[in-house]
Amino acid sequence: MNVSEEEKLHSSDNESDSESEGDLLSENESSSEDITESSSDSGSDSDTESESEDEENAPNGDIRSGDAEKQEKPKDEYAEDSSDEEDIRNTVGNIPMEWYRDYAHLGYDVAGQKVAKGSKGDELDEFLDKMENPDYWRTVTDKLTGQKTVLSDDDIDLIKRIQKGCHPSSSENLHEPWIDFFSSETMIHPVTNRPADKRSFIPSKWEKLKVGQMVHAIKMGWMKPRQEKKVKEEQEFYNLWKDDEEPEITKRYRQHIPAPKEIPGGHAESYRPPPEYLFTKEEEEKWREQEPDERRINFIPQSFSSLRLLPAYDRFIKERFERCLDLYLCPRQRKMRMNVNPEDLIPKLPKPQDLRPFPTAEYLASIVFKGHTDIVRSISVHPSGQWLATGSDDGTVRFWEEITGRCWRKVDVGGKVSSVAWNPDPNLCLVAVAVNTSVILINPRLGDKLIVSNTDSSVLSFGQEEDNSTVAEKKLPVNWIPSDLNLNDYKAGILLRVEHNKEVSQVTWHAKGDYFATVMPQGGSMSVFIHQLTRRRTQNPFSKPKGLVQKVMFHPVRPYLFVATQKYVRVYNLLKQQLVKKLQTNCKWVSSMDVHPGGDNVIIGSYDCRLSWFDLDLSTKPYQTLRHHKKAIRQVTYHRRYPLFASASDDGTVIVCHGMVYSDLLQNPLIVPVKILRGHGTQKGLGVTDCQFHPLQPWLFSAGADGTVRLYR
């Protein structure tokens, strides 16, 4: 080998090493782009500028040599070969999935444990999927993995070409002009100048040995020649009078379609029809004015005294001719009817009597809390279940005793109340009320006197200097105003005011009772604030607007925040400050939201009469959608102890459903509607505005536009 050839090999090796390093760098760059988009964009701009400067400063000879090296690079034909790769979704081996069709498991893992099957719908789910899924006709099941695969347009085109008997690839031309390399003409120069081999002139030793073995086997009788089949020369005749031996399946699916029979004549066609079938003058004139296709019958009934006086039918020949044309020219097709029992389409659910306890009180048996003069927008129940707080458009917040229905306290807040939330901490007697652009923290001074005094001291014991420093540091449009500056507010029970720059639509507490969140739909990037009560500090978790925010909820266990916009529900991790999931509600406008006490399920209510149940461990799409209400849904809520959830609507009803969530991850939640509660009237297009469960008993509170609050037991 020459020195120049060795240098070329070393240079090609260096080029391949540089290419692999470039691939690694490109992968690192792609991962860094996902983390920080701004830095990657600036870096890419600087790289392109430096590369362009190098190309301008480089001499022409170097550029040409670089282009020549790029052209001379050989392409690795095995770089994109995936023939040896196995499908990682098949974890049980290369076996047919049909072997486990009748079993509850699907093969075994490495440890020898059974692999359970995934959730698969029944025939009703298959029928609904066929009706709603536009890609159902192109979905096939992979026999290796048992999963459903949607065929692309290229796959469908390839299948159609194979069915037509064409070449699978449409890019290849099978009719290219023929090039005759070898011809019968004697040419001066042969195709190859290589001399013939010696073995082409000498007989093969191996063939001689093989022929000798076969001759010996024939002599010994080990090999016998094949016997020719004797052809039957007898003629076969067909018996016309033989019984029909056609199988029943072919008889059933034969394409012979009998001609439709004519409708038999009625009383109107009789020569002496009853009087009610004869036309009056007005009916006869109306019949003559109608078009022939619009007439109920194509003749005028007449009455004759005897059959002998009946004249010949003037349209007989024309109707016979049309009948012959219909039988001869009109195509007929056999349609297979589906004999489906309607009861089979209804899912088998347990009876409501077997799912008790749940609120069963009727309209007259419910307890009514009367006192508000306008629409009651929000209600909240004390963690002990003894007290109830209600907020109305009449500018007041009332506190009721649950057992007697008596109003113990009334606080005038000076504006329409949009949301009321009781602090979940049992050591505090505190209620957060959203009024216009402020959030008011009220101590109703109900219950244990020690807890009432501790609430006043813990809320008002914060230093004023630290408060001003924290607000100035964050530069947020939020102002904390204690009641020390206003003696009348302190006498009314108002301990603290949190002023915002926009109207507050919702206030909700964290499970520990120290943090509460507020929602301002018109706030843009500052539409959601998280406040800390003990330090009087406000945080803005989002730097960019996420859309028109409707509701926010804290996760009961994890540091997650659920943010519901018009069409989506986003789940954020507050510690890592990142998006965890994005739920697709499949509705036009989200109105309400609630999180299951376990934290793995969420229900969403919308203004287009839909209630969607989400299983966070299963999918980002709704597990089940209920359409029981006829008008917009205003509120949805879970019970904290019992497997119940309820939805309130503008149609004046509250629907209570049984929602059992199992600890077994392979078993889906059981959702069964059990009771429809009525009693509220509709005013100004509004019905039931809010509903909350009792924290300890299977009772339900509901607030309506008629200014009343009802308790269903």
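Surface patches are made of residues with over 30% relative accessible area and no salt bridge, with like charges joined within 9 Å. In this predicted model, Asp122, Glu123, Asp125, Glu343 and Asp344 form a negative patch of this kind. A nonpolar patch also lies on the surface, and a search of the whole structure finds 10 salt bridges.

**Negative surface patch**

- Helices α4 (123–132) and α10 (342–345) each contribute at least two residues to the negative patch.
- Glu123, one of the patch residues, is placed in helix α4.
- Glu123 counts as exposed because its relative accessibility is 72%, the cut-off for this class being over 50%.

**Nonpolar surface patch**

- The nonpolar patch consists of Phe127, Leu128, Met131, Met338, Val340 and Leu345, which together have about 600 Å² of accessible area.
- Helix α4 provides the largest share of the nonpolar patch, namely 3 residues.
- Met338, another member of the nonpolar patch, is located in the loop between α9 (316–329) and α10.
- With a relative accessible area of 67%, Met338 is therefore classed as exposed.

**Salt bridges**

- Side chains of opposite charge can pair when their charged atoms come close.
- Asp197 and Arg199 form a salt bridge in which the closest N and O atoms are 3.0 Å apart.
- Within this pair, Asp197 is partly exposed at 23% relative accessibility, whereas Arg199 is exposed, with a relative accessible area of 68%.
- A salt bridge also joins the side chains of Arg315 and Glu319, with an N to O distance of 2.6 Å.
- Arg315 is partly exposed, with a relative accessible area of 27%, and Glu319 likewise counts as partly exposed, at 21% relative accessibility.
- The side chains of Arg377 and Asp393 meet in a further salt bridge, at 3.1 Å from N to O.
- The Arg377–Asp393 pair links distant parts of the chain, 16 residues apart: Arg377 belongs to strand β6 (residues 376–381), and Asp393 to the loop between β7 (387–392) and β8 (396–401).
- Arg377 is partly exposed at 33% relative accessibility, while Asp393 counts as buried because its relative accessibility is 12%, the cut-off for burial being under 20%.

**A buried polar contact residue**

- Thr518 lies in strand β16 (residues 515–519) and counts as buried, at 0% relative accessibility.
- The side chain of Thr518 makes a polar contact of 3.1 Å with the side chain of His531.

Methods. Residues numbered from 1 in each chain as written. Predicted model: local features only at pLDDT ≥ 70, side-chain atom pairs only at ≥ 80, totals over all residues. Heavy atoms only, no water. Patch = residues over 30% accessible without salt bridge, like charges linked within 9 Å, V, L, I, M, F, W, Y side chains within 5 Å. Areas by Shrake-Rupley, 256 points an atom, 1.4 Å probe, with all protein chains shown as cover. Salt bridge = Lys/Arg side-chain N within 4 Å of Asp/Glu carboxyl O. Lys, Arg positive; Asp, Glu negative; His and termini not counted. Charge placed at Lys NZ, Arg CZ, Asp CG, Glu CD. Helix = DSSP H or I, 4+ residues; strand = E, 2+ residues; numbered from the N terminus. Buried < 20%, exposed > 50% of the residue type's maximum accessible area, 1.4 Å probe, protein only. Polar contact = N/O pair within 3.5 Å; in protein donor to acceptor, adjacent residues only side chain to side chain.
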